[in-house]
Structures are given as C-alpha cells and as structure tokens.
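Hi,

Here is the structure I said I would pass on.

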There are 10 protein chains.
Amino acid sequence: MSKSEAARLVASAKVRSGLSWARIADEIGAPVVWATAALLGNHPMPPEQARRACELLELDEAVAESLRSQPSRGTDPAVMSDPTIYRFVEALSVYGPALKELIHDEFGDGIMSAINFRVDFDRRPDPDGDRVVITFDGKFLDYRW
Amino acid sequence: MSKSEAARLVASAKVRSGLSWARIADEIGAPVVWATAALLGNHPMPPEQARRACELLELDEAVAESLRSQPSRGTDPAVMSDPTIYRFVEALSVYGPALKELIHDEFGDGIMSAINFRVDFDRRPDPDGDRVVITFDGKFLDYRW
Amino acid sequence: MSKSEAARLVASAKVRSGLSWARIADEIGAPVVWATAALLGNHPMPPEQARRACELLELDEAVAESLRSQPSRGTDPAVMSDPTIYRFVEALSVYGPALKELIHDEFGDGIMSAINFRVDFDRRPDPDGDRVVITFDGKFLDYRW
Amino acid sequence: MSKSEAARLVASAKVRSGLSWARIADEIGAPVVWATAALLGNHPMPPEQARRACELLELDEAVAESLRSQPSRGTDPAVMSDPTIYRFVEALSVYGPALKELIHDEFGDGIMSAINFRVDFDRRPDPDGDRVVITFDGKFLDYRW
Amino acid sequence: MSKSEAARLVASAKVRSGLSWARIADEIGAPVVWATAALLGNHPMPPEQARRACELLELDEAVAESLRSQPSRGTDPAVMSDPTIYRFVEALSVYGPALKELIHDEFGDGIMSAINFRVDFDRRPDPDGDRVVITFDGKFLDYRW
Amino acid sequence: MSKSEAARLVASAKVRSGLSWARIADEIGAPVVWATAALLGNHPMPPEQARRACELLELDEAVAESLRSQPSRGTDPAVMSDPTIYRFVEALSVYGPALKELIHDEFGDGIMSAINFRVDFDRRPDPDGDRVVITFDGKFLDYRW
Amino acid sequence: MSKSEAARLVASAKVRSGLSWARIADEIGAPVVWATAALLGNHPMPPEQARRACELLELDEAVAESLRSQPSRGTDPAVMSDPTIYRFVEALSVYGPALKELIHDEFGDGIMSAINFRVDFDRRPDPDGDRVVITFDGKFLDYRW
Amino acid sequence: MSKSEAARLVASAKVRSGLSWARIADEIGAPVVWATAALLGNHPMPPEQARRACELLELDEAVAESLRSQPSRGTDPAVMSDPTIYRFVEALSVYGPALKELIHDEFGDGIMSAINFRVDFDRRPDPDGDRVVITFDGKFLDYRW
Amino acid sequence: MSKSEAARLVASAKVRSGLSWARIADEIGAPVVWATAALLGNHPMPPEQARRACELLELDEAVAESLRSQPSRGTDPAVMSDPTIYRFVEALSVYGPALKELIHDEFGDGIMSAINFRVDFDRRPDPDGDRVVITFDGKFLDYRW
Amino acid sequence: MSKSEAARLVASAKVRSGLSWARIADEIGAPVVWATAALLGNHPMPPEQARRACELLELDEAVAESLRSQPSRGTDPAVMSDPTIYRFVEALSVYGPALKELIHDEFGDGIMSAINFRVDFDRRPDPDGDRVVITFDGKFLDYRW
C-alpha cells in the first residue's frame, strides 16, 4: 500500500473516530506536528507507534506496514497552492531573504538544518482574534569542508 | 531608484559600517526581521525610520525615498533555491500538509494570516550545536462569507 | 469519496433534476456563489446543508459526507484556460496592477482578504445585450506586525 | 518611450505631486480604474486626456505620446504573485468554476466579455473593518457561429 | 460519460461507418468545422443534432447525452505539438503580431471575437499541389468601458 | 541593428507618418500581412522593398539593412497573451483538433504548410458589427518518405 | 485500442519472436526507420503492412486496426531525457544554429521539410569503435507567399 | 568579449564580406558544420584558425580571443522554436523513439556519442525540389561499468 | 510488466526478506550501486542475474523478464525533490561550474562520460559522525570531430 | 561588484596568467574544488585568501572585496544543460534513486549533508583513456526531532 493511500485511509478513519491530531499524537507518545506529518506519509513511524495509531483508528495491518516504510518525500506542487498552505509560501517569499541575512549575520555562512529540526504548533489567545504560532527550530550547520 | 537597487546599496553600506542587522533594527526602533525585510525592499518604511537608517549607513536621500515607497512583493524564484532559503521551502514541503491539518483541527476552516503576521528570529545555545529558532505568528482568519 | 468525484455526481444530478444553481442555493438557504463553489468542492458544507442538497438532488449519504469534508483548494491550472474562466484571468492581467494601486491609495499597505470575502453574481438587463455583473467584496487587511 | 518606462515616470510624479489616482482620474474626466490602468500602460489614452494627465503630473510630451500609443497588454507573471494581486488570483481559483457554472445556468453557453467590460472600485465602511468592493461588469457573449 | 470518452467513441464509430466529417455535418445540418469540433467535445450539441449524429454512427444514448452537455474547453497542450496542429501555432508566432497591428490599424483598439466567430475549411485545387484554406471570421469588439 | 530594434523604429515612424500598414504595403508593392510581418522582423525584405519602406518612413540605411537580414523567427511567449493575439490562440485550442481531423479526412496524412503559405486580412461590413476575416492558405504536404 | 497500447504489445511480441526491427521491416517491405516509427505509433500503416506485421508478431486484428489508424504525433517530453535520445537533443542544441545558417546560405530563406522527409540508420565499422550513422533527408521548402 | 557578442560580430562581417560559410570553412581548413558552429560560439577554435577567420572577416584580436575561449554550450530554448530549427526538433519527436530502438537492436544498451561525433551538411539535387541532407555520425558507447 | 511495477515488487520483497541491497548485490555478483539501480529499473540485467535476484527475493518469472528488458531511463522530476536526493542536486548547483572548469583545465574540451562510468558508495567512520562517500568515475571523452 | 562580475574577471585573468586552477588553489592554500567554486562565486573567501588570489591574478581590491562577500548560491538552470555539467545531472537521474536506497539501508532515514561536505577531483590514468574521478564526501544527518 502506497503512503498516499495510507494517508487517505488515516484521514477518513480520523473523521469517523472523532479524534483530534493532538489526541492521536498524545496516544502514540509523539510530538503533534511530527505525528501528523508521519501519518500523512512524510516520516517513517517506529513499529510500535504505527501499531498503536492503527489500533486507535481501527485500521488494519497493511496501513501500519505502510506507515513504517521509508517515504520518498516531496509534496505535490498543486498542494502548495491551497490557501492555508500558500500563506506559508508567501511568508517565505516576503521574509526568506531577510532570514538568510540574519542567519549569516548571527551564525556565519551556513544553513538552518531541515533534518535536525523540529516544528511546533500552538494557538495563542488574543483579544483581537486568536493566533496561529508556528516555530521552526533547526540546528545551525556551517559550510565546513 | 528601484527598491532592489536600494537593497544593494544598503547591503554594501552595511558591510562598510560593520553594523549587524540587529543593531540597525535597534537604532531605528523596529523588530529585527521586519527591519531587515524592509531594508531589503519588502516593506515600505515610515519616513523617520528610513531617514534614520540612511543616516546610520551613510546613504543619501534617494535611498530613503526608495525605502519609503510601496513595494511590489514577490521574490525572484531563483532566490528560493539558495541553500539557506531552500531549507525553509523543503520544511514546508515536508510539514505543510500537517500544519494545514492542525490549523483546521484547532481553528476550523481558514488560514493563518500572512498580513496580520510577524516573524521572530532567535539563536538558542545548545551543547550539540546552537540552533536557529524562527517563529511565525499570524492571526487566524476563518472563511467568513 | 473525493470532493472531485462528489462534484461530478452533483453536476450530473443537477442536469437530471432540471434545477438551477440559484434554486438549489435557495433550497439550502445559502448565497448562490458560495453554494455553487461548495457543491463543486471548494468549501466544506455544514451537515444540514449537505443533507438537504443531497435530498434535493437524490444523491446518497457518501456524497453528503464528502461535501462536509475539508477541501484542499486550488483548481487545476488547465481549468483556468477554459474561455469562460479565462476572461477573468485576462481581466486581472489588464486591471490587477491598477487595483493594487487603488487599494494602496485608499487603504494603505495591505490586501483585500480572500478569506473574509464574498462574491456575488448578477445579471443586468441591457438593451445592447444583458451583462454579467460580479462583485468581489473582501475585508481590507493592513500589514500589521 | 516604452509604456513601462512611462508608467514608472507617472508613478514617481504621482508621489511628488501628492495626488491620488481618484483625483487624477477626476481631473482628466475618466473612471478611476480605467484611468489608473491607462496610466500604468494597459489602455491607450485619448490625446486630450494624455495631455491633461501630463500637465497635472508635470511630465513632458514624450510621456504623453507613450500614453496615447497602443499597448501590448499582458502583465508580467511575476507581478501576479504580489500578495495584493495574488488574492484576486486565489479568489478565481476558488470561485472561478462556480462563476462558469452560474454564467452557463443563467445565460447559456458563452462568456462574460473582458473587452466590452468595466471594473469599479469602492470602499465600504464596516464596523468590523472597512471593505474593498470590486465589481466586474461585462457584456454576455454567446457562442454564435 | 466524459466528453473525451464520447469523442473517442465517435472517432471509432466514424471509422467503422466510413462516413466523412463533411457527410456527418451535412446529415445533422451543421457547418462542418462546428460539427467536428462539437463531436470532439468542444461545443454542446442541441439535442436533436446529438440524437441524429448518434443514430448515424450507431452510438447509444449515453454518448448523445455527453454531446449535449456543456464542455470545459481548453485542449491538452500536448495536442498542440502534433505536427498538423503545430503549423497553425507556428503561423501565429510568425504572423500574430502583424495581425494585431492590422486589427488596430483598421478597427482601433480591440479584438476579433473568438465567441461570435466561425471557422471555415476548404480545399482549393492548385496545379502545384492542392491547398488547405481556412478562414477565421469573428466580430470585431472594441474596448468599450 | 537587431530586427526588434528595427521594428521599434518602424512602429514609431509609422505613427509619425500617419500612414497605415495597408498604405505602406501598397507603396512597396507587397501583400499587406506579409509586409507588416516583414517590417516587424519576421521576414527578410528584398533590398528594393526595404529601401522603399525606409524612404517612405524616413528611416536611415541601418534600418533597411536590418530589414533585409535573415530573421530568427519565434515570437516571445509573453506576446501571445496579449488579448488581441490570444483570441487566435484560444480559437486554435477550440478548433485545432477539428481542423486536424478535416485535413486528414480530405487530404490524408499530412499537414498544411506554414512555409508555402499566405495569410490574408480583411474587414467585412456587417449590420451587427463589422467582422475581422483572416484566411490561412497553405499547400497540403503529405508525409512522403 | 490506443496506439501507445499497440506499441507496447508490439514491443513485447518482438522480444518473444526474437526478430530484429530490420527483419520486421524487411518482411513488410518498408524502410527500417519508417517501419519502426510506424510500429511505435508515429505513422499510420497501410492495411496490408499492418496485417503482415501482426501475422509475423502473432498479434491480433485489434492491433492491426490501431496500427492503421491516424496518429496524433508528439512524444512525451519525459521520453526526450532518456540518455540515448537526449544525445540527439544535445546535438541539436550545439549544431542547430549552424545548420540553420548553412540552410539559409545554401538555399535561401526556408526550411528542411520534416514531412517530405526520410531518416536512415546505419552502422559503420570503425577500428576505434563502430559508429552510429543517421541521415536526415528532407526537401527544402522556401518561404513562398 | 562574450562568445555571443563575437558571434554577432562574425555574422555582420560575413554579410559585409559576401563570403559563404562554406568558403570561410575552406579558408580556415575546417569542416563546414564544425566551423560554423565554432564561429557561432559552440566550439573553441585553435588559435591559428581563429586568427585566420578574423583576418578573412576583418575582425580584430578581441574577437579571435573570444573564439579561442572555452564555451559554455547550451542554446537558448527560444532559438529552438525558430521554424528552420524546429523541424529538427519535430523530427526527433517523431523518429527519436525509433532511433533508440534501432540503436539498442543493433548495438545493445548504450548511446550514440554526441562528443566523439560529427555532422555533415549537403545539398542533393532532385527534380521534385532539391533536398537538405544532414548526417549525424557518432561513436557508439555501451553502458560499461 | 513495466519496470516501475517490477521495482515496486522488488522493494516490497526486499523488506519482507530482510536483505540489504549490499547483500543482494553480493549474491548476484554485481557492484552494489549498479545492482540497486538495475533492480529499480535503470539498467537491463543479464538473464542469470535477473533469475538469481528473483529467486533470492521469491519473485516470479514476470519480474525477471521485466528486469532483463531495456529501460527508458529518465527519472520523474518529482523524485529529484526528495530531500535525500536533492542534496546531490544542490551540490551540483554549487560545485558543477567548478567541476566543468577543472575538467577543461586538466583534460581540455570534453566531458566525463556518464556511460563508460561507475558510481561507488561507501560509509566512512568519523568521530564527528560517519560520512557518506560517493565516487563518480567516468572516462574522459574529448570533443573529437 | 557582483560575484558573477568578479567571476568573469577571475576567468579572464586566469587565461592571461596561464595558471591552472590547481596552481591557484595551491598558492592560496585551499583544496582545489573549493577554491575554484569560491573564485567562481559560490563560497565566500577568507580575506587573506581573497587578497592572495587577486595578487596572483593581478586583480584589484574591488574583486577581492566581492570574493569575500556572502554569496546567494543557486546556479542558472541554463548552465545545467552545458554538456560537461549535464553528464552529472544525467548520472543523478540514473543513479539518484539507488543512492537514496543505499543511504537508507546503511544509515537509516536521513541525508548526506551538502553543507558539512567536500568534493574532490582527480585524474586517473587508464590505458583505455584517462578517467575523471569525483568524490562527494558528506556527513550523514539523520532525521532527528
């Protein structure tokens, strides 16, 4: 079973179960953004977590096997134009060059790793409307020959 | 003077002055990511801040005038393949669909605004190598007819 | 069932029923452009409206379930070259820069929201040939850090 | 002088003059969206209006000549990703298929003309934040062999 | 049944029947280019013509229903590189700018309508090799605000 | 001097002279679509015609030399989205597959040549609005090994 | 049966039969490059040759029917990056402009026809390694109005 | 001086001199396709040939220096749509897959080298119209680990 | 059976068998990178190796037949954006021009063959973290007419 | 001075000086691939090395300043189609998926860093023709949350 097929089955089962991603992540003992990405097919899951997730969502072994397998990452460009995802793309086009400058200013020539890396998601109450707060946290890697 | 020409002059003057972006932002009284983005041409600067920045960097009035003008945003796609910026693009391709799911789970149908929005940049010491920490903080907007 | 599959079933059922979109929208108590977009898969429908639409069009529960689900928006670029849709794309290429100027002139730096937003569709009789009148009505959002 | 060079000179002169597009349009006796589009190079201006606009903005005859000349329309795709213009593109990707359906339902097979066509721009006060209101008004043309 | 599926069935049936497009068009009482385009899915056919065409080609009611339905026009770009079709694309790249100039010279600012429009196809005997003669005939539409 | 530079000078001189393309073509003794295409850079002109055109438009010898030189044809794709030219592109996407079918039906496997080829332009008065009439007339070439 | 499906069946049958393309071409009495191209779907085959090829490869009548039908030519761009085919594409990018110059020098303004055209394939023994020799042979067509 | 600038100067000088490419190639003692490609910038010329070519065309030392330098090959894609060059591209799309099959049939898995490679150009008289004859002759290279 | 289908079956069987690519390569007596590429469909396998691989992975004869067949190489561009593969693409964008310069400096005008070519893969222990070591080893081919 | 302008000046000066990249690298005490990449603008050089390189190549201080500055990496895609560079791109399309599999087999889920990374270039004599040997050597980074 392909990981995209497994992701579709996970999404349907989640709706049937009424569980939130936060609750599923909690049940399998994993950070919520990581767990959601893994269940959508962008990270291989350790066997025990895959088993636990499928139990929770009443999905069979073939799904668990797919969730454990190594992904070929790289999302469909069409997905990037969904308005909810596009706002992140737009933010990068506005702030990306500034972030590059600040990384070089503070750390020197190099990059923020997207591999030794985590993303956190939070909701912050605000009287003018609650806010989505997303944190990218990656190890700095300097160009080192 | 176009905003990209002004950005080139700002970058050269910054090197000559030896000032960091953080210091420049501090001197003009603006958040550092915003100030860097504005000096690179992605936000119009209030006249007083444009004046103060040009004074600090010993740039003339034509630069200040350009910094104050309204930008047409939208970065050159070639810029997006610079390795330091590309890591963010890659992170979105891996975690974008998960962030979309979490926004809908927590807030309902809608988006994180990229307009009523701020980005913070930080360095966090870590014994395994210091980390780049970037926070996106945007107001949730629900699809509201 | 995918939302595009549901849209195909809705379209066929509409032809069989002989109902107009305006009549369907009226029956489910929703604005006509919103209702049409939702039935074509670009908005999630509240359960009661999805149920009512499927009743009216004699479609089964699986369609209603699909209509209620969260879409990944973003239309196929091929669709944009259909002549009826392309005229809107062309109008944007001719008038888009002018609309940007007028928004900045009147409201300052920011955007017209496409989320806190509605579209109305009307026919206006005209002796030289009736006219299609479409109104975009979105909240102004200023760049606010 | 190319029309894009003329548009750059118009934009600078407008800032120096402190005039709004609405005021310029008023002075030359033309609808505001049309006048702005024409001054940005997307419509040829009648000689008298071109002359009056250049007088008002203190621009010389070469600009007026360029404003009168026939344009090759078709905006740079890069311009379409500016956030203020992109919201219109996004709205079309969400509502375009619905507008096509409604046009066919109401008028039959055909299009809304983008040539026998006008666009109006308005600001509507709203206690929750003022709104941008844009109206597309085009003659219906049926496929007629 | 999709219109492309119907087009495939029409094409096969035409080969079996040994009828030419000209003969089919004649039988259903429609101009030959229009009839061919409609049978290939680019125009909705009136019910009587769809019925007559299916009778002639011994195709069932599902095909007729598809032929009557409203198309989403816009041909696959791959089709445009077929050598027989590509010669038209090449002719446009060589003569398109000249045709634009001549339209503006003769009619003023505007377009030749592709909606209030017909195409005729003819063969003209010629001692040096017979010629394909194709006529585009569209109403001029001026930019009229 | 490049052919695009020469085309720009021709266009300006034509405006100054007040001559129409039809008149220029007449003066140099060439069909009007061919002459316009050649003056815009898509055909090399015979020396005598180039000389005569430059005399008429009061352009110097360097222009004539450029007009005589061999072009590299192939128009900028951006030009193809100009609304006046785009209508031809759209007509091909709607009728191209039908024209291919008709060519094969009438002549067999082969193409209409775009080299042994002419284009005529005409205006036909019509009480419902005058019409643009364009004729493509090319020799049929069969696939012949 | 589509021509690509027929091409797949031909390719499998050829492997089973152990026949070379040269031998198949010989048996059906056609030049080898033409025969291979036709069997892969890029030329319609005369009925007798299609019948003979299917007999030889033990394929049924549906394949023969597909081989006889009119193709829509135009290969998948992905195919062009296969290394064996890509070397021809690269050769064109290196020598294409020179071939254009030589054609114009020798023949005047025009093209080598790709329709009244043949391709031959040969192997030439060479002590440093045998060589692939491919000849393109097409009628010159001058731009003739 | 860039190689494209040198190519432009060579082309102008050739027109002034009235020499054909064949004659220039002859004078510098090189095959005509190679010489034309080298003078257009796609091969570095040995110093003596560069000197001789510049002498012949009355071009100065800076051109000769540029002709001797190492090129970055890879022609502008826009050039590929010139009709004279495009016919070769089209021939590849029609016959490329057949040539791949024939190479594998005759030689096994591998390619025709585009480096150990030559191209010859010839004109063959023919009562039905003279023909362009182009030969690609490259060493076969087998995939050899 | 297509080679991509065979590759999917190989990948699943490998997981079931618990064998590493290195072990499979060893068993069939082939270099590990070559063997992995061949099993994924990018090289035809000699019959004995295909048979042995299928025996080892408990796959049937149809897979072996597919593994022996001639591939059309050229990977899906989407695959190139997988982060593990993308790092190689990025390395080429940073070091490609330098490698070109060094090849020309050391060997003259020509290329490193990708056909008479091998790739080796190794792991090198390192106290700061083990390293991936990949060697490209190709015959130099000079441009030789 | 932009880094691409500096690279052009370095390339010309290298030709004038008759020095090889290996010699220049040796003189400035840096690995040869790194040094070449840095002089072509893809790495910032330490001040002392930039000074030494400019002294050696008789270039002035403005070049040294440019060589020291932080690059925006990301090579022009056109460069990637130069035949010498393209062979690496092709090798990745043939062997990239195999290298991904081998990395995951040997190291688990993660990547070879392109930042903590070096490339070596070598020439290996071989009686069948000398070989280009290029080694990519990068730290393995595992996906670590």
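Reading chain A along its sequence, you get the pattern α-α-α-α-α-α-β-β. That is 6 helices and 2 strands. Bear in mind that this is a predicted model. The C-alpha trace of chain A spans about 50 × 50 × 30 Å along its principal axes.

Helix packing in chain A

Two packed helices are described by the angle between their axes and the distance between the axes. Take helix α2 (residues 21-28) of chain A and helix α3 (residues 32-39) of chain A: their axes come within 9 Å and cross at roughly 95 degrees. Angles from 65 to 115 degrees count as roughly perpendicular, so α2(A) is roughly perpendicular to α3(A). As for who touches whom, α2(A) brings Trp21(A), Ala22(A), Ile24(A), Ala25(A) and Ile28(A), while α3(A) brings Val32(A), Ala35(A), Thr36(A) and Leu39(A). By class, the residues of this contact are 8 nonpolar and 1 polar, with no charged ones.

How the copies are related

Two copies of a chain are related by a rotation about an axis and a shift along it. For chain B on chain A, the superposition takes a rotation of 180 degrees with 0.0 Å of shift along the axis, at an RMSD of 0.0 Å. The two copies are therefore related as by a two-fold rotation axis. Within chain B, Thr135(B) has the C-alpha nearest that axis, 2.2 Å from it. Both copies use the same surface, as 100% of the contact residues of chain B recur in chain A.

Another pair gives another kind of axis. Chain F can be laid on chain H by a turn of 72 degrees, with a shift of 0.0 Å along the axis and an RMSD of 0.0 Å. That is therefore the relation of a five-fold axis.

What about the second largest pocket: how much space lies in it? About 360 Å³. It is lined by 19 residues, and the closest to its centre are Lys139(D), Leu141(D), Lys139(E), Leu141(E) and Asp128(F). Which elements give two or more residues to that lining? They are β2 (131-142) of chain D and β2 (131-142) of chain E. In terms of class, the lining of this pocket has 10 charged, 5 nonpolar and 4 polar residues.

That's the lot from me for now.

Cheers

Methods: Residues numbered from 1 in each chain as written. Chains lettered and ligands numbered in written order. Predicted model: local features only at pLDDT ≥ 70, side-chain atom pairs only at ≥ 80, totals over all residues. Heavy atoms only, no water. 1 Å grid on protein atoms, 1.4 Å probe; cavity = no way out; pocket = protein on both sides within 12 Å on 5 of 7 lines; lining within 4 Å. Points joined across faces, edges and corners; volume = space filled by probe spheres on them. Helix = DSSP H or I, 4+ residues; strand = E, 2+ residues; numbered from the N terminus. Nonpolar A, V, L, I, M, F, W, Y, C, P; charged D, E, K, R; others polar. Axes fitted to C-alpha atoms, helices over the stretch in contact; angles between N-to-C directions. Parallel < 35°, antiparallel > 145°, perpendicular 65-115°, else oblique. Contact = heavy atoms within 4.5 Å. Least-squares fit on C-alpha atoms with pLDDT ≥ 70 in both.
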